[in-house]
Amino acid sequence: MRFEPAFQQATMLRRYKRFLVDVSLADGTRETMHCANTGAMSACVYPGFPVYFSISDNPKRKLRGSLELVQTPDGHLVCVNTSQANRIVKEALATGFIEELAEYEFRSEVKIPDEPGRFDFGNDDVYVEVKNVTYLRGDLGVFPDAKSDRATKHVNALRRCVLRGKRAVLFFCVAHTGIDKVAIADDIDPLYDAAVRDAMAAGVEILAYRCQVTPKTLALDGSVPFLGSSSTVA
C-alpha cells in the first residue's frame, strides 16, 4: 500500500486510555489523536521520539488524526495501527504474494463455520486469521504483548476447522522493521501458547511475514521464521 499524502511526522508525548495519544506537531502544537491498537503496545511508546500519523477528512470524526507508526530508540519503525495489518495481508493475498496461499481467492470477514465469530479471510476451503506482531523483546519478536482471550478463541476455532477437514492458517503480520523471527510469548499468555501448540498438533499452519514499513509504504516483504514458544528459544 502506498499513501498519498505520506504519513506526517510528530513527536510522541504519551498514550493513555488505550485509544488516545498526545503528540507534538512540527510547529509545537499539542494534539490528541486516535490510537487504533487494543494491545499493550509494549516497547512501542517512547516519549520524545518520532511518530507518524494520518489525517482523516471525515467531518464526523471527533479526532482528525490517527497514530500510524512509531520510531524506536534503535531507529526501527513499527506500524501500531492494527487495522493496517489486515489491509496489508488482503493486498498480498489478492496479488498472490503469499506463496503458500497464492492458489486461492479470499473473502474478508468470513463467518467461522458452525460457531459464532469471524475469521479475517477465508473461502470454502481455507481460513486465515491475522495477528499483528509489534513487540521486539531482545532479538525476538513475540506475540501477544498482553493476555488475549480473543486471540485464544480464534486459534481454537482454527483448530476446530482443521478437525472438520478444512485448511486453517494463523498468519503473523510482522509490522516492525527490527523483527526477523517470531515466537509466542508464553510467559505473557500461557493459555494462548497452549492453544497454538494444540492447533499446530492438529494441523493448523503458522505463517509469519515481515513488512516494509515507511511513512509512504506498507507492504509484506517476505517470510520470517516462526520458532514456537519463546521460553524454548535459546
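Apart from neighbours within four places in sequence, F119 is in contact (heavy atoms within 4.5 Å) with E109, V110, I112, P113, Y127, V128, E129, H154, A157, L158 and C161. This is a predicted model, where local features need pLDDT of at least 70, side-chain atom pairs count only at pLDDT 80 or more, and totals for chains, interfaces and linings use all residues. Residues are numbered from 1 along each chain as its sequence is written, and side-chain values use heavy atoms, with hydrogens and water left out.

F119 sits in strand β8 (residues 118-122); strands are DSSP runs of E with at least two residues, helices are runs of H or I with at least four, and both are numbered from the N terminus.

| Residue | Relative accessible area | Class |
|---|---|---|
| F119 | 0% | buried |
| H176 | 1% | buried |
| D145 | 17% | buried |

D145 belongs to the loop between β11 (140-143) and α2. Its side chain reaches two backbone nitrogens: that of M41 at 2.8 Å and that of A40 at 3.3 Å. These are polar contacts, meaning pairs of N or O atoms within 3.5 Å; within protein, one must be able to donate a hydrogen and the other to accept it, and residues adjacent in sequence count only if both atoms are side-chain atoms. Not counting residues up to four places away in sequence, D145 also touches G39, S42, Y135 and I188, among others.

H176 is found in the loop between β12 (167-174) and β13 (182-184). A polar atom of the H176 side chain lies 2.9 Å from the backbone nitrogen of G178. Beyond four places in sequence, the contacts of H176 include T72, H76, V133, T134 and R210.

Now to the helices. Helix α2 (residues 149-163) packs against helix α3 (residues 190-202) at about 15°, with their axes 9 Å apart. Axes are lines fitted to C-alpha atoms, for helices over the stretch in contact, and angles run from 0 to 180 degrees between N-to-C directions. On the α2 side, the contact includes V155, R159 and L163, and on the α3 side Y192, V196 and D198 are among the residues involved.

Methods. Buried < 20%, exposed > 50% of the residue type's maximum accessible area, 1.4 Å probe, protein only.
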